[in-house]
Amino acid sequence: MHPSLWLTVIISGAVGGFLDSMAGMGFGALSSTIMISGGLPPTMVIGAVNLAKVGSGLVSGLSHWRLGNVRWPWVPPMVGAAVTGGVIASLVLTRLPEEFIRLVIPAVLMTMGGLILYRFLWARPVLHPVVGSSEQDGPVILGRPLLTRPHRRTGESRLTMVWLGSLGFIGGALNGLSGAFGTFTTSAMVLKQVGHPRFAIGTVNFVEFFVAGAVSATLILSAPPGQWHWGLPAA
């Protein structure tokens, strides 16, 4: 592969990682956009982005778990639905003509970019204390609050299993098509849920590890022999 394409991959990873660290989302959307516009095949781009997110998702998910930011009742419905949506979208991606994919993925990425702008410029979520939040229980270390008070399940009635499953499935499908999972899923949870945003961010980061692993494995196994470049996710 031409050195300019390697440079494109390295720049996209650095810029995407910088944005993701600042905003909590956007690595997949931005890095995929840069690499596709640089001339790399869309299927290879989505696979490389998701494989790179497996490592970062593992570290991020474990960190959020240790800090008590993962809401365990939300995880099973989101993981199952998100992995299903991601695998289905990945299989569809491998069976579409590349010319068509190059038209569809930019549209998906533009939608994700618009969602990011909406989330940070106009959206104002309403926050209320929920179980495990810093407003109610104080600081949380290793998943346990330092201060204990009577728990009130103020948020669970707002987040049904059906809603979480639907959200996970759509986010997983978008991840399989564009590499963008947190952009949609985190934004939707922060805007709709009751409670501190750290629970939405922590739970989505934890779930993203499983989704990225399923999508990258599907794309790698579906790729023709000799056409997968392991150096791309490493870069």
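The paragraphs below go through the aromatic contacts and a nonpolar surface patch of this structure. The model is predicted, and local features need pLDDT of at least 70, side-chain atom pairs count only at pLDDT 80 or more, and totals for chains, interfaces and linings use all residues. Residues are numbered from 1 along each chain as its sequence is written, and side-chain values use heavy atoms, with hydrogens and water left out.

Three aromatic pairs are found in the structure, where rings of Phe, Tyr and Trp (its six-membered ring) pair if their centres lie within 6.5 Å, planes under 30 degrees apart counting as stacked, over 60 as edge-to-face and the rest as tilted. One of them joins F209 and F210 in an edge-to-face arrangement, with 5.2 Å from centre to centre and 75° between the planes. F209 has a relative accessible area of 25% and is partly exposed, as is F210 with 36% (buried means under 20% relative accessible area, exposed over 50%, partly exposed in between, with a 1.4 Å probe and protein chains only). Together with W72 and F206, F209 and F210 form one aromatic cluster.

On the surface, I88, V92, L96, F100, F169 and I170 make up a nonpolar patch with about 480 Å² of accessible area together. I88 counts as partly exposed, at 43% relative accessibility.

How values were computed: Patches are made of residues with over 30% relative accessible area and no salt bridge: like charges are joined within 9 Å, nonpolar side chains (Val, Leu, Ile, Met, Phe, Trp, Tyr) within 5 Å. Accessible areas come from the Shrake-Rupley method with a 1.4 Å probe; for residues, only the protein chains shown count as cover. A salt bridge is a side-chain nitrogen of Lys or Arg within 4 Å of a carboxyl oxygen of Asp or Glu.
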